[in-house]
Amino acid sequence: MTVTSVQIPVPEPEHSGLSKFLSAAFYALISFLIIIVNKTILTNYRFPSYMFLGVGQMATTIIVLYAAKMKQTIHFQDFDRSILYKIFPLPLFYVGNHITGLASTKKLSLPMFTVLRKFTIIMTMIMESKILRKTFPSQVVYSVFAILLGALLAASSDLAFDLEAYTFILLNDLFTAASGVYTKKKLGSEELGKYGLMFYNACIVILPTLMATSYTDDLQKVIAFEHWVTFTFIFYFLMSCVMGFILMYSIVLCSHYNSALTTTVVGAVKNVAVAYIGMFVGGDYVFSWLNFVGLNICISGGLVYSYLAFRSSPAHDDSTNRTQEQQGEQVTKEEVNCTEKQKTML
């Protein structure tokens, strides 16, 4: 008689509350700052190519991580043929998130950008439930629909409606959700680590992005851009490149210590400051009462959702751990009974 081994689900390692909070706060701060910097470059200076800006951020990521690896400050797996299998399909989501995010930042006002980004939350919830097999309390689900209601109300009065811009931002929501969920999945199941994920993501997608920049004639526009001799523009451009790398690191770090949904929640809460500042910075916000009320409903729903998500997370985790312990005890009993039966037969 053959004894079949049963794999018991291993719960995720517990991280301290301080580590979770600091990683989330770090991501929120960097995400807030880079939106302001990118908005300045793409709108105020009218930089002609958001894709080339993405290339600069990827190149910075590659250079910084490779130099750190050479100095043995950090460690990640050397390249081999298994890398592509281990990391796929994350690079596709990564480049899609990068390009659509920069494009929507250029084409939308900051308040509308932050409102429509709320759709990332429900997309993340759906993907986590389907891919990571997670469940969410009903209160959290209801709060998500409240956020969406506020977002739709605010977007319905957007007097500067742009179909192309809305398409970009919704695609950005989809890519962001997929990237967050698969980043969490890869961190939990693969051996690349957070630095390996960042490095090989950038290495895989930088060349296709550069080729796309050349194919669309953006590269020629970038070369002929008049502000390359302006010190303030160069400062903002280099800041965007460095902060792009830091943002990638902060996302992976936040996903490592928290869930993909928590990372999305942090982005939603961060958007509170971005939305209100965008009413006074950028000069492209068109005020209307319907938009303003919808924006506040959306933001209030985001805060309520954040409270529910963080409050319910420990209970959900404890319930999951108890279920796993019960499963482990049941499997152990079955194996013991099976072994005793074998001995009796012998």
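Predicted model: local features only at pLDDT ≥ 70, side-chain atom pairs only at ≥ 80, totals over all residues.

Student: How many helices and strands does the protein chain have?

Tutor: Helices (H or I, at least four residues) and strands (E, at least two) are DSSP runs, numbered from the N terminus. Here the protein chain has 13 helices and 0 strands.

Student: And how much of the chain is buried?

Tutor: Buried means under 20% relative accessible area, exposed means over 50%, and partly exposed is in between (1.4 Å probe, protein chains only). In this chain, 47% of the 346 residues count as buried. For contacts, meaning heavy atoms within 4.5 Å, residues 24 or more positions apart make up 87% of those with a separation of 6 or more.

Student: What is a nonpolar core?

Tutor: In soluble globular proteins, nonpolar side chains tend to be buried together. A core here is a set of buried Ala, Val, Leu, Ile, Met, Phe, Trp, Tyr and Cys residues joined through side-chain atoms within 4.5 Å. The largest one has 30 residues, and M58 and Y200 have the most contacts inside it. Several helices give two or more residues to this core, including α2 (50-70), α4 (90-107) and α11 (231-257). The top contributor is α9, with 7 residues. Apart from this core lies another, of 25 residues, with I34, Y45, F237 and M243 among them.

Student: Which residues does M58 contact?

Tutor: Skipping neighbours within four places in sequence, M58 is in contact with Y94, V95, H98, A202, V205, I206, T209 and M248.

Student: I clicked on D173. Is that residue buried or exposed?

Tutor: D173 counts as buried, because its relative accessibility is 0%. You'll find D173 in helix α8. Not counting residues up to four places away in sequence, D173 touches L116, R117, F119, T120 and M123. Take L116: D173 is 57 residues from L116 in sequence, but their C-alpha atoms are 8.2 Å apart in space.

Student: How many salt bridges does the structure hold?

Tutor: A salt bridge is a side-chain nitrogen of Lys or Arg within 4 Å of a carboxyl oxygen of Asp or Glu. The structure holds 2. In one, D78 pairs with K69, and the closest N and O atoms are 3.1 Å apart. K69 lies in helix α2 and counts as buried, because its relative accessibility is 18%, whereas D78 is exposed at 52%. E128 and K134 also meet in a salt bridge, at 3.9 Å from N to O. There, E128 is buried at 0%, while K134 is partly exposed at 22%.

Student: Which residues form a nonpolar patch on the surface?

Tutor: Patches are made of residues with over 30% relative accessible area and no salt bridge; like charges are joined within 9 Å, and nonpolar side chains (Val, Leu, Ile, Met, Phe, Trp, Tyr) within 5 Å. F287, W289, V293 and I297 form such a nonpolar patch, with about 430 Å² of accessible area together. Areas come from the Shrake-Rupley method with a 1.4 Å probe, and for residues only the protein chains shown count as cover. W289 is exposed, with a relative accessible area of 62%, and is found in helix α13 (residues 289-345).

Key
Residues numbered from 1 in each chain as written. Heavy atoms only, no water.
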